[in-house]
Amino acid sequence: MTESGSLTAAQIVMTEPAARPVGGLPIGSGRMGTLVWTTSGAIEFQINRVDVFAVNRHAAGAHFPGPADYGGGCARVSIAVGGDPFRAGPHFAQRLSLADARCEIRGEAVRAACWVAAEDDVLVVEVTDEREAPAPIDVKLAMWREPEVGNGPHTAAYAFHQNRGGIAVVQTFREADHYCSSAVAIGAHWPGGEVTVPDERTRILRLPAGRGARTILVASASSWDELDDAGAAAERILCRLAAPEARAALERGHRRWWQSFRQRTFVDIRSPDGSGEQAARDRELFLYHMAC
């Protein structure tokens with residue numbers, strides 16, 4: 001939580017943009033997750049998974065490039081809406097509901113809501129543009145490293161793909177008997193999207209301008225078996241959620257899961273100096289982090 005945030009009524013509210021990515025608000029399903037932060041014109045995510053490892057205990061050794069495992073991170077995603085509607089000022093607010101793990105961002109005539117489905121590996125981003133002259137939406141999928149790096153027998157590689165109406169990236173780690181792959185696939189269910197290639201680390205899906213609400217899906221998958229295609233698994237999630245009724249059912253299931261989770265336990269702590277109430281809020285935030 002940033003200095004500009006407060007935890008009230010099961011919410012964290014930020015009245016100004018996070019100064020750094022680590023100041024973003026967390027959403028996740030326990031398998032897939034991200035912090036959510038903003039620049040003046042974009043909503044930013046880093047797609048992470050708890051089951052993605054660059055090495056295992058048998059492979060990690062002298063050849064591993066760095067003091068810590070750089071697994072976990074699957075891709076960077078940025079959704080640029082044009083202009084600077086999320087700049088600091090009276091129009092900006094970012095709010096995280098601990099009740100249903102839903103993050104909402106409000107800017108000048110543009111707002112967004114995002115959540116990682118509790119029972120599926122997909123980030124749902126709903127962007128609503130109410131400007132008189134809306135801009136195209138640029139969905140950027142990016143990686144941090146060169147397409148292939150190696151150190152001794154250790155290799156980390158990735159490749160981009162275009163899917164039906166979207167883009168995807170599949171990364172693979174190999175060393176000795178260790179194999180782990182991950183995939184991030186992005187889909188937007190309206191016509192007219194175009195893919196551009198700014199550089200070897202980046203792909204951009206440009207979606208035509210339009211007023212009103214639109215949904216972007218970011219699916220992820222992983223595999224420790226070379227016979228299991230993580231890229232195909234992520235694509236299947238997008239295909240399954242192509243219909244609006246499927247996405248509506250996904251959201252209903254998400255809300256039910258979080259309601260059930262919160263009903264498992266309850267405490268009411270009060271004290272004259274307010275420390276009891278603060279302890280109750282800290283506990284609620286801890287439980288939220290544990291679940292997401």
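Entry 1: I call a residue buried if its relative accessible area is under 20%, exposed if it is over 50%, and partly exposed in between, with a 1.4 Å probe and protein chains only. I note that this is a predicted model, in which local features need pLDDT of at least 70 and side-chain atom pairs count only at pLDDT 80 or more, while totals for chains, interfaces and linings use all residues. I also note that residues are numbered from 1 along each chain as its sequence is written, and that side-chain values use heavy atoms, with hydrogens and water left out.

Most residues other than glycine have a negative phi. I found that Ala101, although not a glycine, has a positive phi of about 50 degrees, and that Ala176, also not a glycine, has a positive phi of about 50 degrees. Helices (H or I, at least four residues) and strands (E, at least two) are DSSP runs, numbered from the N terminus. With those names I placed Ala101 in the loop between strand E7 (93-97) and strand E8 (102-106), and Ala176 in the loop between strand E14 (166-175) and strand E15 (178-188). Ala101 counts as buried at 1% relative accessibility, whereas Ala176 counts as exposed at 69%.

**Entry 2: aromatic rings.** Rings of Phe, Tyr and Trp (its six-membered ring) pair if their centres lie within 6.5 Å, and planes under 30 degrees apart count as stacked, over 60 as edge-to-face and the rest as tilted. I found six aromatic pairs in the structure. Phe53 and Trp224 make an edge-to-face pair, with 5.9 Å centre to centre and 65 degrees between the planes. Phe53 lies in the loop between strand E5 (42-49) and strand E6 (73-80), and Trp224 in the loop between strand E18 (212-223) and helix H1 (230-240), so the pair ties together parts that are 171 residues apart in sequence. Phe53 is partly exposed at 32% relative accessible area, while Trp224 is exposed at 57%. I also wrote down one aromatic cluster, formed by Trp257, Trp258, Phe261 and Tyr288.

**Entry 3: Asp120.** I located Asp120 in the loop between strand E9 (110-116) and strand E10 (122-129), where Asp120 counts as buried at 13% relative accessibility. Which residues does Asp120 touch, not counting those up to four places away in sequence? With contact meaning heavy atoms within 4.5 Å, I listed Ser29, Arg31, Ile237, Arg240 and Leu250 for Asp120.

**Entry 4: Gly28.** I found Gly28 in strand E3 (residues 25-28), and Gly28 is buried, with a relative accessible area of 1%. Leaving aside neighbours within four places in sequence, Gly28 is in contact with Gly33, Val116, Trp258 and Cys292.

**Entry 5: the cores.** A nonpolar core is a set of buried Ala, Val, Leu, Ile, Met, Phe, Trp, Tyr and Cys residues joined through side-chain atoms within 4.5 Å. In the largest one, which has 60 residues, I noted that Phe45 and Leu123 touch the most other members. Beyond its neighbours within four places in sequence, Phe45 has contacts that include Leu35, Trp37, Val77, Ile79 and Leu123. Apart from that core lies another, of 17 residues, among them Val122, Val124, Ala221 and Ile237.
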